[in-house]
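Here is a short briefing on one protein model. Keep the sequence and the 3D view open while you read.

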Amino acid sequence: MTDILRSYTTLSASSTKAEVSNVLRSIISAPLFTIDASSRTELIKCLLRDLKTASNGSKPLSSKDAVQALLAVKELGKDPAGSEFLGSPANLSTLLTLASSFKDDPEASSEALRSVANALFLVEKARSTILDKEVDGGVIAISMLQKTSLPDHIFVLSRILVLITVPGPSFIRNLVEDKFHGQTAIEIIGAKLDLLTTGIVTGTKMAREAMSDILKLAFNTLLYYPKMVQTDPQTPVLGDFWDSKLDSLLAPALRVFTSLPPTSPGPIAAPLTHVIHTLITIPVTPELCPIWFGTNAIASPRSSQSSSPKHTSRSQTPATSGPASRSNSPVRTAQPTPASPKPSTLGRASSVIAPGRRSLSCSLPAVPNTPAGVLQRAYDLLDTAFAHYFPDVVDVDDSSVRDRRKQESPDNSLDDLLSPLVMLLSRLCAGDETSRVRIRQLVIPDDLDRSAPLEGRADILGRCLRLMTSVYHSRLKDSVGELLFAMCESDASILSTLVGYGNVAGFLYDKRILSAPPAPSATSSTYIPPAAATSINPITGTTNNSKQDLPEMSDEEKEHEVEKLFVLFDRLEKTGAIPASQNPMRKAIHEGKLG
């Protein structure tokens, strides 16, 4: 028996409050290795036994000692022996009972719940044990979540539910389909999202942490439940399958996304990252478009200052994003789509992100003077994030880019941070024509200055095109390619015409398009880009200049260009994109042409 265990077991009804407090403090501050496994489990057993009778005045513990005693239990449970003991059905049940019985002491209740969360985290089998009928921990946790408004409790309860739902058990079906005091878990989660959004805006302690964990719970639910109820034997791609029982989670998630205040130093951080992950699991369908793009779904105190997208100009985005000129409408040929679904009453009354032509996918009419909403928010975030991580015209693979990311977010790569946001924009463009038109006009306006190489621009277009040749950010490169493709009607001809085939040749090659596609025509496409004019170089996307207008390169400039080509082909060779035998620079050196 260790000295600490002996000290606790010698406490009696006659022990003073100071004596009890000193013993509890010694347990809390004791290093893990100073208490052996048997003494640790015996201490937990004694503490839980005394805590169960503390509320009725029994000694040695009183209700005033509950916080310290439960903190001691939590510290003892951080060791494998302690966590295994706490992960038993009886002890999990006791801790949940204590959390409920100390409801008038939020700190004590929170410590009891944290002990449960730690046990679930450290002991995998406890995640199924807590769902056993004798514990019924899942129902208790969601019921407690429904009743609480304290961010600290929301955080711990969400963490417990996240750990329970990580493997995607059948309990997720109960969360969605059962009612807890008249509400489903989806409705409870939505209410807490709204509550925590207000808390974050007002700077409430623990609101951000609570928001992150409840969004993880939402993500688990949205990820697993549709798979449980789908009848299609094929496994769809994330976000391409859905169940209407989950619909009510979209509106509060959008309110979170459009209301979260900026973060520093990086523009993309939790809980924003978590709400983006949640949103990309939700499809952009005609049935959900009134929520995705309707003003009622995304209205917030901050949105009242938004202006109509019709009047949005480059001046409303970060200064590094390029020239302010924008064209109000794309060049289109009117080709109605018979297969488009008939708009509902709600759909006709709802607004969309951009003015102009009705969306052929969602069939929502444009309404002037509406908030920018999810599309503009996602675009502004991406523009800001790209300008932050890829300032000016820096090479996206430059070491300074990776160094900045390591300083600001050492646990996440730029692939992890930015790819989900790019994917969200891609899904909005793929599911809604109005969004495609709007993003295309923001990224590649009709009056784009094409006198210089597009990939050399210090705006979002230049950064996207530079990412298309990235070696270090492979997932981000692929995501950006899919975004450009989606906003160009998923038409290789439109994409290569707008940005030049040379800038997207690798991406199109991966899509089995092995040569430059023909320019779009009125018979083959519903959209004829202004860049289809004969004065635009189809390979570079820039304006054709006659040779006599170009100054002769100096010997130094020619040598510099050769060095750039050598580095480029050397990188392609090292990454396996081309074999050494097909490296033209290596061949020229061997033949003596670059003496």
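Start with helix α6, residues 89-101. At 1.5 Å a residue, its 13 residues should span 18 Å, and its end C-alpha atoms are 18 Å apart, so the two values agree. The model is predicted. Its secondary structure comes to 28 helices and 0 strands.

**Around helix α6**

- Seen residue by residue, N91, L92, T94, L95, L96, L98 and A99 of α6 are buried.
- The cover over these buried residues includes α3 (37-52), α4 (66-76) and α5 (80-86).
- That cover also includes α7 (106-122), α8 (126-129) and α9 (137-147).
- An α-helix has 3.6 residues a turn, so residues three or four places apart point the same way.

**The protein as a whole**

- The protein has 595 residues, and 49% of them count as buried.
- Take the contacts between residues at least 6 apart in sequence: 70% of them join residues at least 24 apart.

**Helix α23, an enclosed helix**

- How many residues of helix α23 (residues 460-467) are buried? The count is 8 of the 8, so α23 is largely enclosed by the rest of the structure.
- The buried residues are I460, L461, G462, R463, C464, L465, R466 and L467.
- They pack against α19 (373-389), α22 (433-443), α24, α25 (492-499) and α26.
- C464 has a relative accessible area of 2%, which is why it counts as buried.

**Aromatic pairs**

- The count of aromatic pairs comes to 2.
- Another pair is F485 with F507. Here the centres are 5.8 Å apart and the planes are at 65°, so this pair is edge-to-face.
- F485 belongs to helix α24 (residues 474-487) and F507 to helix α26 (residues 501-510), so the pair ties together parts that are 22 residues apart in sequence.
- F485 counts as buried because its relative accessibility is 11%.
- F507 has a relative accessible area of 10%, so F507 is buried.

**Charges over rings**

- Find R377 and F257. The charged end of R377 sits over the ring of F257, 5.7 Å from the ring centre.
- Now find R402 and Y472. The charged end of R402 sits over the ring of Y472, 3.9 Å from the ring centre.

**A buried aspartate**

- D213 is part of helix α13 (residues 207-229).
- Is D213 buried or exposed? Its relative accessibility is 3%, so D213 counts as buried.
- Which residues touch D213, leaving aside its neighbours within four places in sequence? They are F155, S158, R159 and V162.

**Cysteines**

- The structure holds 0 disulfides.
- C429 is in no disulfide. The nearest cysteine sulfur belongs to C488 and is 9.3 Å away. A disulfide needs the two sulfur atoms within 2.5 Å.
- The relative accessible area of C429 is 0%, so C429 is buried.

**Backbone exceptions**

- Most residues other than glycine have a negative phi, and most peptide bonds are trans.
- S264 and P265 are joined by a cis peptide bond, with omega about 5°. P265 sits in the loop between α14 (250-259) and α15 (272-279).
- The peptide bond from A270 to P271 is cis too, with omega near 5°. P271 also has its place in the loop between α14 and α15.
- D392 is not a glycine, yet its phi is positive, near 55°. D392 lies in the loop between α19 and α20 (399-408). Its relative accessible area is 52%, so D392 is exposed.
- R512 is not a glycine either, and its phi is positive at about 65°. The place of R512 is in the loop between α26 and α27 (555-574). R512 counts as exposed because its relative accessibility is 67%.

Methods. Residues numbered from 1 in each chain as written. Predicted model: local features only at pLDDT ≥ 70, side-chain atom pairs only at ≥ 80, totals over all residues. Heavy atoms only, no water. Helix = DSSP H or I, 4+ residues; strand = E, 2+ residues; numbered from the N terminus. Expected span 1.5 Å × (residues − 1). Buried < 20%, exposed > 50% of the residue type's maximum accessible area, 1.4 Å probe, protein only. Contact = heavy atoms within 4.5 Å. Phe/Tyr/Trp six-rings, centres within 6.5 Å; stacked < 30°, edge-to-face > 60°. Lys NZ or Arg CZ within 6 Å of the ring centre and 35° of its normal.
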